[in-house]
Amino acid sequence: TWRPAAGVAAPGSGGATRRVRRCMAAAGVAGSLGGATASAGAACVGALDSSSAATLRSRRWIDMPQDLGVLICEFVGPATLVEVMAANRRMRQLAMREEVWQFFCSATWGRSANLPVYRSARQLYADCNGWFPTRGGRRRRPSFDVSHITLHESPCLTMDLRITDEEVIAVSEAPRHRQSDRNASVHVVDHSTGRLRERFEVSSSTINCCDVAFGLVCLGSDDCKVRVYRRSGAPEEECAAASAPSGACGRGRSYLDAGDAEAFRYRAACEYEYPSEVNDLRLAREDVVITVRTHRNRHPAGIDLIHLERPDVRCSFPGGSAATRGKYIHALDGFEDGCSLSKVACSGEHPTTSAFSAMLFDFRRPQPCVADLPVTSVRRGHPVGTMLWPLRAGTSPKVYANLLHEEREGRGIIATVDFRFPMPDRCVCFELPAPVDDFRCFGGSIYAACTRGGPRGGQRLAVYRCSPCRDYDSFATENLCTVVEAYDAGGRSPREDLKVFSVCSRGFAVSYGERLAIGSL
């Protein structure tokens, strides 16, 4: 009769037997465990257990080197790090180190991380780079320091602007007074100080549009020309980081802090002639300038593509042709991850019904239009003449457009278009408390500049944010900042009083009249 040894579990009933089975299976021993074989195996395991316990009791825990612990924390990521913080005091101390969360912020937002704004990198990461701060478990509004600067002599408006983490680039219209000796110009403003870095005149005609990317500034104007300016004196990779699209641009170095402002000025690089006026443009990552041309009466003329390295290679798609599916293109935009020839969003007008559509173009194809989704029409209940302006491309493949019509009263309405799905009878729309002057897509949210009636007949200019809810079918709207409490339009009608808005990770910029407001986090 077999009797188990003292402290050893019976065969088939304890953990020792299971371990012996695994060991024998690994050794290639077949059959069941029983009799003397089981007794001997169990006794061996019991002896090993007792000796191992004695060995472990004699050992002491060796502290992990701090630099190795920091590297492990960076490797596992923030989500796993938060879970293991409660394991012990040593792990918590490692997880709370500032350099660990600085690494997470830099890995998430790159050189656009707002580390100088926050004392704690961990709090910066929790606040989503400062744009969604939380205190006491409640969501708060981000705080902005707004500065104002006068750009032009009255009357003169800003036609377009771009903001990067370093600077704000604004282009103006031609002076309205014929006796003025100034031409349409470009203003470069320091984002951090609000001071004018550089101003240079371009043309006697109005500059309608601009785009900034890869250290280049592209300008389109009414004199039927596209001009390209290159920033000189900086390393190539720094130019690309400082001039990347909103939300992906780096901080880089300050021109004025470098002590040599002359070395960082913009210089004229090249100039291209067009058959008609240039109303809108984008600089694609393939070193191609995509432009929207118009006639002198502002009627759309077509789309043109010019390769910067081979200007003799030019593609043109006239408005109303088969390439545009019979539509006339009014505006275009690139998605948040950067403008590319493979996906360009456009707004097109039907020549007969004047209905507007959101269109997706792939200019690598002979027939570039790959999607045409109607948005506005009288049949859908929109007023006659409702336009998609401005049109902004968000995270691919979503596009947003303001439904603009003559009666700019009441609320602003922005329509959402997803190119992955066919157009429903009614597209998803959300409202803002005031008419929309301009808006941009940044970080999955929509930031809009809206104007409503203020005290004593003035206008109140404010910045709103629309963030998607959990169901992604609705948006939550909040007022982020009031830029101007009482703004005098100088007798200009709402359609003539152009306001341009732009946003990046450091803050926002909005032009109104002859002035420019810069909001820094």
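Eight helices and 30 strands make up the secondary structure of this protein, and keep in mind as you look around that the model is predicted. Of the 521 residues, 49% are buried. The exposed surface comes to about 25700 Å², with carbon and sulfur atoms supplying 50% of it. If you take contacts between residues at least 6 apart in sequence, 49% of them join residues at least 24 apart.

Let's start with a helix. Helix α3 runs over residues 66–76, and its buried residues are Gly69, Val70, Cys73 and Glu74. Look down the axis of α3 and these buried residues fall within an arc of 140°, so they line one face of the helix. What sits on top of them? The cover includes α4 (78–84), α5 (89–95) and α6 (98–109). Now turn to the face pointing away from the buried side, where you'll find the exposed residues Leu71 and Phe75. Both Leu71 and Phe75 belong to a nonpolar surface patch, together with Met64, Leu68, Ile72 and Val76. The patch has about 570 Å² of accessible area in total. Valine 76, itself in α3, counts as partly exposed because its relative accessibility is 34%. Just after the helix comes glycine 77, with a positive phi of about 95°.

In β18 (residues 356–361), six of the six residues are buried, so the strand is largely enclosed by the rest of the structure. In a regular strand, side chains alternate between the two faces of the sheet. Here, Phe356, Ala358 and Leu360 point one way, while Ser357, Met359 and Phe361 point the other, and all are buried.

Which strands does β18 pair with? One is β17 (residues 344–349), in the antiparallel sense over six bridges. Another is β19 (residues 369–374), also antiparallel, over five bridges. To find the β19 pairing on screen, look for phenylalanine 361 and its bridge partner, cysteine 369.

Glutamate 349 is a handy landmark here. This residue is found in β17, and its bridge partner in β18 is phenylalanine 356. Is glutamate 349 buried or exposed? With a relative accessible area of 17%, glutamate 349 is buried, the cut-off being under 20%. Leaving aside neighbours within four places in sequence, glutamate 349 is in contact with Gly326, Lys327, Tyr328, His330, Ser354, Ala355 and Phe356. Take tyrosine 328 from that list: it is 21 residues away from glutamate 349 in sequence, yet the two C-alpha atoms are 5.1 Å apart.

Strand β8 (residues 207–213) is another mostly covered one, with seven of its seven residues buried. Its antiparallel pairing with β9 (residues 216–221) runs over six bridges, and cysteine 210 has leucine 219 as its bridge partner in β9. The hairpin of β8 and β9 has two residues between the strands, and phenylalanine 214 takes a positive phi near 60° there.

Threonine 291 counts as buried because its relative accessibility is 0%. Apart from neighbours within four places, its contacts are Val226, Tyr274, Val278, Asp280, Leu281, Gly302, Ile303, Asp304 and Leu332.

Finally, the charges. The structure holds 31 salt bridges. One of them joins glutamate 277 and arginine 296, with the closest N and O atoms 3.4 Å apart. Glutamate 277 lies in β12 (residues 277–284) and arginine 296 in the loop between β13 and β14 (300–307), so the pair ties together parts that are 19 residues apart in sequence. Glutamate 277 is buried, at 5% relative accessibility, whereas arginine 296 is exposed, at 70%.

Arginine 364 and aspartate 362 form a salt bridge too, at 3.0 Å between the closest N and O atoms. There, arginine 364 counts as exposed at 61% relative accessibility, and aspartate 362 as buried at 10%. In the salt bridge of arginine 282 with aspartate 280, at 3.1 Å, both residues are buried. There is also a network of salt bridges, which links Asp223, Lys225, Arg227, Glu271 and Glu273.

Notes. Residues are numbered from 1 along each chain as its sequence is written. This is a predicted model: local features need pLDDT of at least 70, side-chain atom pairs count only at pLDDT 80 or more; totals for chains, interfaces and linings use all residues. Side-chain values use heavy atoms; hydrogens and water are left out. Buried means under 20% relative accessible area, exposed over 50%, partly exposed in between (1.4 Å probe, protein chains only). Helices (H or I, at least four residues) and strands (E, at least two) are DSSP runs, numbered from the N terminus. The arc is that of the directions from the helix axis to the C-beta atoms. Contact means heavy atoms within 4.5 Å. Patches are made of residues with over 30% relative accessible area and no salt bridge: like charges are joined within 9 Å, nonpolar side chains (Val, Leu, Ile, Met, Phe, Trp, Tyr) within 5 Å. Accessible areas come from the Shrake-Rupley method with a 1.4 Å probe; for residues, only the protein chains shown count as cover. A salt bridge is a side-chain nitrogen of Lys or Arg within 4 Å of a carboxyl oxygen of Asp or Glu. Two strands pair if DSSP finds at least two bridges between them.
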